[in-house]
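Here's a quick briefing to read with the structure open beside you. Have a look at the fold first, then work through the points below.

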Amino acid sequence: MENLKLTNSIALIIPIFLAVLGIVEPISLYFAAYSTMLTGLLQIIVGIFFWKNHKENIHIKIYFLLVTTFFSLWYYNVNINYIDQLTWILLFTPLVLCIYISGIIYSQKEKP
């Protein structure tokens with residue numbers, strides 16, 4: 001569990017660090033934006049490991065349902081029927097998912 005928390009913390013720190021570095025070196029802002037995709041991937045992997053150890057946790061199941069919904073809506077919006085309002089919702093959804101999975105991981109009590 002400690003490894004999951006550490007991995008999640010590192011995944012969160014990388015884009016924040018690059019964004020702050022962007023004050024001095026503007027190209028870092030682009031790297032920060034791209035690193036958010038890596039953060040999302042790492043958090044999905046962390047979520048899989050968390051689910052493997054805590055299958056009874058309803059919140060991790062909700063997280064994966066939301067992730068699946070996000071990617072389904074993204075595919076729908078890009079390839080089937082573009083809806084401008086949906087684009088704005090999808091733009092902020094990864095941040096909400098990031099906060100949600102972090103809350104799940106950090107609030108989980110260790111098993112004795």
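What follows is a short tour, from the whole chain to single residues.

Keep in mind that this is a predicted model. The chain is helical, with 4 helices and 0 strands, and along the sequence that reads as α-α-α-α. Taken along the principal axes, the C-alpha atoms fill a box of roughly 45 × 40 × 15 Å.

**The chain as a whole**

- The chain has 112 residues, and 28% of them count as buried.
- If you look at contacts between residues at least 6 apart in sequence, 60% of these join residues at least 24 apart.

**The largest pocket**

- The largest pocket holds about 750 Å³ of space.
- Its lining is made up of 24 residues. Nearest the centre of the pocket you'll find Thr36, Met37, Phe70, Pro94 and Leu95.

**Helix 1: lysine 5**

- Lysine 5 lies in helix 1, which covers residues 2–21.
- Is lysine 5 buried or exposed? Its relative accessible area is 17%, and the cut-off for buried is under 20%, so lysine 5 counts as buried.
- Lysine 5 and leucine 97 are 92 residues apart along the chain, and their C-alpha atoms are separated by 16 Å.

**Helix 2: threonine 39**

- Threonine 39 has its place in helix 2.
- With 8% relative accessibility, threonine 39 counts as buried.
- What does threonine 39 touch once its neighbours within four places in sequence are set aside? Its contacts are Ala11, Leu12 and Pro15.

**Helix 4: serine 102 and glycine 103**

- Serine 102 is a helix 4 residue, and glycine 103 is found in helix 4 too.
- Serine 102 counts as buried because its relative accessibility is 9%, under the 20% limit.
- Not counting residues up to four places away in sequence, serine 102 is in contact with Asn8, Leu12 and Gln43. Leu12 also turns up among the contacts of threonine 39.
- Glycine 103 comes in at 37% relative accessibility, so it counts as partly exposed; that class runs between the 20% and 50% limits.
- For a sense of scale, glycine 103 and proline 26 are 77 residues apart along the chain, with 31 Å between their C-alpha atoms.

**The loop between helix 3 and helix 4: asparagine 81**

- Where is asparagine 81? You'll find asparagine 81 in the loop between helix 3 and helix 4.
- Asparagine 81 is partly exposed, with a relative accessible area of 35%.
- Asparagine 81 and phenylalanine 64 are 17 residues apart in sequence, and C-alpha to C-alpha they are 24 Å apart in space.

Note on methods. Residues numbered from 1 in each chain as written. Predicted model: local features only at pLDDT ≥ 70, side-chain atom pairs only at ≥ 80, totals over all residues. Heavy atoms only, no water. Helix = DSSP H or I, 4+ residues; strand = E, 2+ residues; numbered from the N terminus. Buried < 20%, exposed > 50% of the residue type's maximum accessible area, 1.4 Å probe, protein only. Contact = heavy atoms within 4.5 Å. 1 Å grid on protein atoms, 1.4 Å probe; cavity = no way out; pocket = protein on both sides within 12 Å on 5 of 7 lines; lining within 4 Å. Points joined across faces, edges and corners; volume = space filled by probe spheres on them.
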